[in-house]
Amino acid sequence: MVKNSFISVISQEEKKENRGSVEFQVSSFTNKIRRLTSHLQLHKKDYLSQRGLRKILGKRQRLLSYLSKKNRIRYKELINQLAIRESKTR
């Protein structure tokens with residue numbers, strides 16, 4: 001549960017000042033993805049939630065690709081802190 005505690009720490013620190021930052025948005029999307037994934041393990045035929053999960057995954061992927069193009073160091077730090085895989089380069 002270290003991952004969830006980190007996300008809550010980020011959201012508490014930056015709640016007032018920087019909600020629009022890429023890091024905050026990616027961490028909130030990661031939190032939603034983990035919640036939906038655990039929900040879908042119980043409810044395998046919930047197709048509407050599956051669609052929502054795919055949309056959130058796409059949004060997070062676009063934000064991560066933007067961050068990797070703009071600032072590679074911040075991208076690497078965020079990937080390591082959230083413990084998510086690095087995106088494939090095309």
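Trainee: Let's start with one side chain: what relative accessible area does Lys59 have?

Mentor: Lys59 has a relative accessible area of 39%, which makes it partly exposed. Buried means under 20% relative accessible area, exposed means over 50%, and partly exposed is in between (1.4 Å probe, protein chains only). The areas come from the Shrake-Rupley method with a 1.4 Å probe, and for residues only the protein chains shown count as cover. Before we go on: this is a predicted model, in which local features need pLDDT of at least 70 and side-chain atom pairs count only at pLDDT 80 or more, while totals for chains, interfaces and linings use all residues. Residues are numbered from 1 along each chain as its sequence is written, and side-chain values use heavy atoms, with hydrogens and water left out.

Trainee: Where does Lys59 lie?

Mentor: Lys59 is in helix α3. Helices (H or I, at least four residues) and strands (E, at least two) are DSSP runs, numbered from the N terminus.

Trainee: How many helices and strands does the chain have?

Mentor: There are four helices and zero strands. Following the sequence, you read the pattern α-α-α-α. Of the 90 residues in the chain, 30% are buried.

Trainee: Back to Lys59. Which residues form the positive surface patch?

Mentor: The patch consists of Lys32, Arg35, Arg51, Arg54, Lys55, Lys59 and Arg62. The elements giving two or more residues to that patch are α2 (22-42) and α3 (47-70). The biggest giver is α3, with five residues. As for the rule, patches take residues with over 30% relative accessible area and no salt bridge, joining like charges within 9 Å and nonpolar side chains (Val, Leu, Ile, Met, Phe, Trp, Tyr) within 5 Å. Lys and Arg count as positive and Asp and Glu as negative, with His and the chain ends not counted. Each charge is placed at NZ of Lys, CZ of Arg, CG of Asp or CD of Glu.

Trainee: Which residues of α2 are buried?

Mentor: They are Val22, Glu23, Phe24, Val26, Ser27, Phe29, Thr30, Ile33, Leu36 and Leu40. Ile79 sits in helix α4 (residues 72-82) and is buried, with a relative accessible area of 7%.

Trainee: Glu23 is on that buried list. Which side chain does Glu23 meet in a salt bridge?

Mentor: A salt bridge is a side-chain nitrogen of Lys or Arg within 4 Å of a carboxyl oxygen of Asp or Glu. Glu23 meets Arg74 (2.6 Å, N to O). Glu23 counts as buried at 17% relative accessibility, whereas Arg74 is partly exposed at 34%.

Trainee: How many salt bridges are there by this rule?

Mentor: The count is three. Glu86 meets Arg72 (2.8 Å, N to O). That pair also links distant parts: Glu86 is in the segment after α4 and Arg72 in helix α4, 14 residues apart. Glu86 also meets Lys76 (3.0 Å, N to O). Lys76 lies in helix α4 and Glu86 in the segment after it, so this bridge ties together parts ten residues apart in sequence. Taken together, Arg72, Lys76 and Glu86 form a network of salt bridges.

Trainee: One last thing, the backbone. What is the phi of Ala83?

Mentor: The general idea: most residues other than glycine have a negative phi, and most peptide bonds are trans. Ala83 has a positive phi of about 55 degrees although it is not a glycine. Ala83 is found in the segment after α4 and is partly exposed, with a relative accessible area of 42%.
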